[in-house]
Amino acid sequence: MSVLRGQFSSKLGFILASAGSAVGIGNLVGFPVMASKNGGGAFLFIYLLFIAFVCFPVMLAEISMGRASQSSPVGAFDSLSGNSKAWRAVGGLGIITPFFIAVFYAVITVWILIYLVQSAMGNLDVLANPDTFGATVSSPVMFAYLVPLLGVLFFILGKGVNDGIERAATILMPTLIVMMVLLIGFVLTLDNAFAGVSFYLVPEFSKIDSGVINSALNHGFFSLSLGMGILITYGSYLNKKENMVSSTRLVAIADTGVAFFAGLLVIPAVFAIDPGVNADELSESSISLMFSYLPQVFLSMQDFVGYFGASLVSFMFFTLVFFAALTSLVSITEIPIAYVMDEKDKPRREAIVYVGVAVMVFALVTTVSFGMSDFFTSFLHYGGISKSFFDLIYDVFYETILPLMGFVVCLFVCYRWKKHSMNEEIALGDSDYNDSFLRKYVGISLGTFIPVILLAVFMNNVSRIYFAHNLFGF
Ligand code: PHE
């Protein structure tokens with residue numbers, strides 16, 4: 001490891017960068033839709049329990065692995081296992097997975113960028129046409145946005161941990177919060193907005209079933225950027241003097257807080273325009289909500305604020321989502337870069353070139369899988385449906401490997417690296433940890449029920465996606 005490792009300049013730098021990673025499209029669009037159609041306040045309650053009792057210990061496990069090994073996933077599994085080849089290979093999964101997630105996330109971020117630019121150019125009426133989304137994603141215009149996006153992404157990453165990742169998060173995250181507060185303030189002044197607030201918050205426990213519980217956990221896990229090697233790598237940039245427990249807690253609170261407040265933005269906006277909307281109409285995917293439904297909602301706001309005002313709201317919304325997506329994209333693309341630097345002893349610039357070229361190639365292939373190339377559009381057939389190259393990446397890496405990685409991390413820290421080593425690492429910078437209830441809870445939960453739950457989610461996802469069969473209920 002001849003290359004000097006980067007380090008966050010402060011605890012706040014770590015918190016902002018990790019929260020930047022965690023806060024993404026999932027928080028701003030996925031969570032509000034999921035919560036409001038699955039029991040509102042009741043869903044929220046279950047989600048909070050999962051974040052506190054299941055996800056939080058896994059976050060600590062990943063961050064402590066990174067900080068103890070001072071390495072990205074491959075090196076972390078390798079050195080903490082006492083150089084086991086098998087565990088090193090498991091760490092390899094922690095590089096391939098973020099790489100492919102980076103590819104598909106980059107493509108979604110391009111869509112957001114297009115909607116942002118088109119809103120600014122006064123084309124909100126075009127965006128509100130339901131056919132626009134399909135036409136956009138299958139048009140070569142995509143390349144005109146993809147290339148500059150990757151340019152910005154690798155420019156930030158090229159600046160390194162302090163001047164790139166940390167700085168971008170320090171600028172983008174507070175801006176995101178301010179824009180969100182402004183938008184919520186505006187939306188809540190619209191007539192009928194409070195019908196949306198109550199739809200979002202009034203608990204309906206009768207809607208909670210095994211499917212809802214499965215998706216709450218799935219979402220919490222993904223929302224906190226777990227199982228992707230991100231927190232292992234960011235942990236390796238965290239100073240040993242810093243209090244890991246309190247920083248991690250703040251990241252979890254920030255991520256959950258943004259998701260919660262996004263619900264106060266998106267759902268009331270929908271109700272203000274369409275008071276008769278019901279859960280079924282909201283049950284389309286969050287992607288179609290964001291790109292087909294919301295532009296129509298924004299356009300209808302012209303009755304209140306004129307076309308210019310409506311375009312401004314749309315522009316601010318897509319800028320908000322774009323910033324959230326960009327910081328997530330930065331975090332996930334950093335993992336393969338850190339791998340090339342750590343394990344191949346390359347300087348950052350060279351690592352950027354390798355990873356940049358690879359991301360570009362796969363992002364191009366993924367981009368043409370929305371209709372431009374028949375071969376990649378109907379790439380495979382499984383689970384009873386034809387799948388594009390994009391679907392394949394999403395299914396394999398996002399849905400399948402992530403819970404599996406979470407499961408593996410639990411087993412690794414408890415039974416290979418050993419709990420006492422993890423606890424020693426966590427206790428550095430937190431003198432109270434050794435005698436705390438948290439220490440006991442983390443040790444017990446990570447060694448028992450958390451891996452069981454993650455394995456169940458993994459198995460259910462495999463069965464559901466590849467065999468069109470839900471293991472638990474419907
Ligand atoms: N946590 C992000 C979200 O909620 C998802 C994500 C982060 C995906 C980082 C990939 C990489 O949208």
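**Reading pockets, a cavity and a ligand site**

Trainee: What volume does the second largest pocket have?

Mentor: The second largest pocket has about 240 Å³, the space filled by probe spheres set on joined grid points. The model is predicted, with pLDDT of at least 70 needed for local features and 80 or more for side-chain atom pairs, while totals for chains, interfaces and linings use all residues. Numbering runs from 1 along each chain as its sequence is written, and side-chain values use heavy atoms, without hydrogens or water.

Trainee: Which residues of the lining lie nearest the centre of that pocket?

Mentor: A probe the size of a water molecule, rolled over the atoms, shows where empty space is left. A pocket is an open set of points on a 1 Å grid over the protein atoms alone, with protein on both sides within 12 Å along at least five of seven lines, and lining residues have an atom within 4 Å of a point. Here 13 residues line the second largest pocket, with Ile51, Ala52, Phe56, Arg249 and Ala252 nearest its centre. Helices are DSSP runs (H or I, at least four residues). By class the lining has 11 nonpolar residues, one polar and one charged.

Trainee: How many cavities of 30 Å³ or more does a search of the whole structure find?

Mentor: A cavity is a set of points where a 1.4 Å probe fits but cannot get out. The search finds one of 30 Å³ or more, and the largest cavity holds about 50 Å³ of space. Its lining consists of Ala17, Gly20, Ser21, Ile165, Ala168, Ala169, Tyr234, Thr327, Val330 and Ser331. Two or more of these residues come from each of α1, α9 (160–187) and α16. Six are nonpolar, four polar and none charged.

Trainee: Which residues come nearest the ligand?

Mentor: Ala22, Gly26, Asn27, Tyr105 and Ser223 come nearest, out of 17 residues around the ligand (a heavy atom within 4 Å). The shell has nine nonpolar, eight polar and no charged residues. At least two shell residues come from each of α1 (11–22), α2 (25–37), α5 (85–120), α11 (210–223) and α16 (302–344).

Trainee: What lies 2.8 Å from a nitrogen atom of the ligand?

Mentor: A polar backbone atom of Ala22 does; the cut-off for such N or O pairs is 3.5 Å. A polar backbone atom of Gly26 is 2.8 Å from a ligand oxygen atom, and a polar side-chain atom of Tyr105 is 2.9 Å from an oxygen atom of the ligand. The ligand taken alone exposes 320 Å², of which the protein buries 99% (Shrake-Rupley, 1.4 Å probe).

Terms used
A polar contact is a pair of N or O atoms within 3.5 Å; within protein, one must be able to donate a hydrogen and the other to accept it, and residues adjacent in sequence count only if both atoms are side-chain atoms. Ala, Val, Leu, Ile, Met, Phe, Trp, Tyr, Cys and Pro count as nonpolar, Asp, Glu, Lys and Arg as charged, and the others, Gly among them, as polar.
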